[in-house]
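Please keep the sequence and the model in view while reading.

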Amino acid sequence: MTQSKTHERVAFGVMVAFFVLAPLVVYPVFLMKVMCFALFACAFNLLIGYGGLLSFGHAMFLGTAGYAAAHSAKVWGFSPEVAIVFGTACACALGGIAGVLAIRRQGIYFAMITLALAQMIFFYYLQAPFTGGEDGIQAVPRGRLLGLLDLSNIWAMYAVVLVVFLAGFLFIYRAIHSPFGQVLKSIRENEPRAVSLGYDTTRYKLLAFILSATLAGLAGATKAIVFQLASLTDVHWSMSGEVVLMTLLGGLGTIFGPVVGALVVVSLENYLAQLGAWVTVVQGGIFVLCVLTFRRGIVGELGRLIRRPL
Amino acid sequence: MEIFGVPTQALFGQLLIGLINGSFYALLSLGLAVIFGLLNIINFTHGAQYMLGAFCAYLLLEKLGLGYWWALVIAPVLVGALGIIIERTMLKQLYKLDHLYGLLLTFGLALVIQGVFRNQYGSSGQPYAIPPALAGGHNLGFMFLPTYRAWVIVASVVICFGTWFLIERTKLGSYLRAATENPELVQAFGINVPRMITLTYGFGVALAALAGVMAGPIYQVSPQMGADLIIVVFAVVVIGGMGSIMGSILTGFGLGVLEGLTKVFYPEASNTVIFIVMALVLLVKPAGLFGTQK
């Protein structure tokens with residue numbers, strides 16, 4: 001047990017060092033985007049990797065929190081930390097409603113239901129007046145954190161995103177290794193047996209769904225403040241597909257996989273941006289390759305090489 | 001003349017659009033249900049294959065001068081053959097794994113196909129003319145009925161019931177249903193189940209392509225035409241439950257009509273009404289209206 005923790009600590013140290021040192025050589029806004037998506041993917045991975053539930057509608061939580069944070073910061077004048085908390089709370093509430101509906105079915109039905117619910121939310125935001133339709137909510141003020149720290153300073157903003165990301169990451173790590181996480185894994189492996197052991201699996205799955213939605217919301221709200229924008233892109237089904245891709249590529253059910261996956265996918269998008277629709281083709285190709293030949297993902301394969309789960 | 005304060009022209013007009021949309025929901029959810037029954041895979045590529053059918057018709061007309069009736073035969077065969085290649089080379093490897101991998105693979109394929117066509121043809125639609133034999137329309141007194149739309153509704157009803165007959169009432173269909181229940185046993189009786197699986201996938205995909213050809217003259221032929229539609233069809237499938245062929249057909253038409261009526265009485269909700277119905281059905285009968293929970 002102690003041995004298995006050492007390499008996780010080392011990997012965690014490497015990750016923290018990367019995000020602390022990288023802005024010296026890489027554009028910090030890009031890294032903030034990576035961290036937001038990494039947190040989003042980690043939240044998604046909590047559900048699929050440990051609960052075995054494939055949600056194809058996670059964009060609804062990212063987008064809802066983004067809209068709520070952007071609207072409250074811009075129109076109601078909330079300070080950034082309150083706006084982020086408010087956005088996260090909205091995603092949490094939506095997660096409760098969507099979760100109650102979605103966990104009534106399993107497997108591919110669960111995927112189809114979450115996708116359909118997310119599409120409904122998308123159409124709602126498309127028509128709702130406060131979202132600004134195709135334009136989105138633009139020029140969201142970053143404001144001052146706790147009234148003190150001016151977030152228009154890029155390094156202050158970077159530090160906040162780093163803290164939010166690491167806090168979310170550690171929370172998920174803690175959840176996975178708690179008794180709750182163990183029960184969740186047992187449901188993934190064999191739900192009837194978990195039921196026969198006396199666990200109310202519906203409640204566990206719902207709690208996992210709400211936790212995942214809330215953390216995805218935290219990522220979305222933070223992203224809206226960083227980029228001063230909340231738009232339809234974040235609620236569209238292609239965003240739900242993207243987070244699946246990040247997690248699959250990095251490694252389903254691995255702790256660090258989603259972070260690596262997010263880094264790779266966001267970099268790809270950044271460097272292939274001028275290729276237009278070919279980005280979709282490349283992403284689709286990666287999906288096909290991953291499923292056919294590379295199901296463990298990057299981190300999963302690494303973990304197999306060093307014979308320890310990462 | 002008015003009904004509930006709505007002019008009958010508008011009411012019947014929207015009902016007709018609802019029936020048209022319902023025809024496509026029924027055709028597509030039927031194909032999904034047939035594929036799911038035997039392969040246990042939700043075919044996310046279905047929307048892209050529907051789009052391929054429409055583009056096939058468009059290209060046959062533009063490049064080879066072959067019209068609508070030829071397209072109605074050639075497009076399903078070509079796209080179905082492509083489906084068979086996909087099944088033989090990729091899907092086949094996934095049957096022993098979690099069903100979710102099939103969903104992920106077909107989602108990736110859909111992205112690739114749609115991306116390639118978007119590069120080639122942009123996001124805007126290409127028009128496809130209504131074939132001369134089906135142009136024009138009839139005045140029914142209470143509304144004007146374009147011939148092509150009547151044709152689409154009649155054709156899809158015939159195709160749907162033909163498929164139902166094939167699966168529920170023929171010898172081949174009984175093999176298919178038996179293989180859905182227990183593939184090993186059917187194989188032991190000397191029936192080539194892997195080939196049946198391949199042909200079933202090809203058939204389901206050909207149905208999607210056929211729907212695409214019929215959709216061409218009504219909606220425009222565009223790379224994204226299947227992407228949003230397939231999500232609605234997923235909701236239709238969840239509402240109906242995939243256990244019964246007749247269930248898919250009735251749910252498809254029923255929800256199309258409901259969507260049309262919503263457009264008349266409460267247009268703001270017309271995009272979302274099917275999803276709302278899905279949420280309600282999940283609360284009351286999680287297995288779907290015609291489904292049985294396994």
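Two residues are said to be in contact when heavy atoms of theirs lie within 4.5 Å. The model shown here is a predicted one.

Taken along the principal axes, the C-alpha atoms of chain A fill a box of roughly 50 × 45 × 40 Å. A compact globule with 310 residues would have a radius of gyration near 19 Å, and the value of 19 Å for chain A therefore agrees with that expectation. Of the 310 residues in chain A, 59% are buried. When contacts between residues at least 6 apart in the sequence of chain A are considered, 77% of them join residues at least 24 apart.

Chain B can be described in similar terms. Its secondary structure consists of eleven helices and four strands. The C-alpha trace of chain B spans about 65 × 50 × 35 Å along its principal axes. For 294 residues, a compact globule would have a radius of gyration near 19 Å; chain B has 19 Å, so the two values agree. Buried residues account for 55% of the 294 residues in chain B. Among the contacts in chain B with a separation of 6 or more, 78% are between residues 24 or more positions apart.

Individual residues give a view of the interior. A:Phe37 belongs to helix H2 of chain A, which covers residues 28-51. Is A:Phe37 buried or exposed? Its relative accessible area is 3%, and residues under 20% count as buried, so A:Phe37 is buried. Leaving aside neighbours within four places in sequence, A:Phe37 is in contact with A:Lys223, A:Met239, A:Met246, A:Ala262 and A:Val266.

With a relative accessibility of 0%, B:Ser23 counts as buried. Apart from residues up to four places away in sequence, B:Ser23 touches B:Val152, B:Ile153, B:Ser156 and B:Phe253.

The loops hold two residues whose backbone deserves attention. Most residues other than glycine have a negative phi. A:Gln228, however, has a positive phi of about 55° although it is not a glycine. A:Gln228 is found in the loop between helix H9 (201-227) and helix H10 (237-250) of chain A. With a relative accessible area of 33%, A:Gln228 is partly exposed. A positive phi, near 60°, also belongs to B:Asn40, a residue other than glycine. B:Asn40 sits in the loop between H1 and helix H2 (46-64) of chain B, and at 28% relative accessibility B:Asn40 counts as partly exposed.

The packing of helices within chain B comes next. H2(B) and H4(B) pack at an angle of about 35°, and their axes are 9 Å apart. H2(B) passes H4(B) in a left-handed crossing. On the side of H2(B), the contact is made by B:Gly47, B:Ala48, B:Met51, B:Leu52, B:Phe55, B:Tyr58 and B:Leu59, and on the side of H4(B) by B:Ala110, B:Ile113, B:Gln114, B:Phe117 and B:Tyr121. Sorted by class, the contact of H2(B) with H4(B) has ten nonpolar residues, two polar and no charged ones.

H4(B) also takes part in packing between the chains. Helix H12 (residues 278-293) of chain A and helix H4 (residues 99-121) of chain B pack at an angle of about 155°, with their axes 7 Å apart. How are H12(A) and H4(B) oriented to each other? Angles over 145 degrees count as roughly antiparallel, and H12(A) and H4(B) are therefore roughly antiparallel to each other. The crossing in which H12(A) passes H4(B) is left-handed. Residues of H12(A) that make the contact include A:Trp278, A:Val281, A:Phe287, A:Val288 and A:Leu292, while those of H4(B) include B:Tyr101, B:Leu104, B:Phe107, B:Val112 and B:Arg118. By class, the contact of H12(A) with H4(B) has 14 nonpolar, seven polar and one charged residues.

Definitions and conventions: Residues are numbered from 1 along each chain as its sequence is written. Chains are lettered from A and ligands numbered from 1 in the order in which they are written. This is a predicted model: local features need pLDDT of at least 70, side-chain atom pairs count only at pLDDT 80 or more; totals for chains, interfaces and linings use all residues. Side-chain values use heavy atoms; hydrogens and water are left out. Axes are lines fitted to C-alpha atoms, for helices over the stretch in contact, and angles run from 0 to 180 degrees between N-to-C directions. Angles under 35 degrees count as roughly parallel, over 145 as roughly antiparallel, 65 to 115 as roughly perpendicular and the rest as oblique. A crossing is left-handed if the near helix is turned anticlockwise from the far one by less than a right angle, and right-handed if clockwise. Ala, Val, Leu, Ile, Met, Phe, Trp, Tyr, Cys and Pro count as nonpolar, Asp, Glu, Lys and Arg as charged, and the others, Gly among them, as polar. The radius of gyration is taken over C-alpha atoms; the globule rule is 2.2 Å times the number of residues to the power 0.38. Buried means under 20% relative accessible area, exposed over 50%, partly exposed in between (1.4 Å probe, protein chains only).
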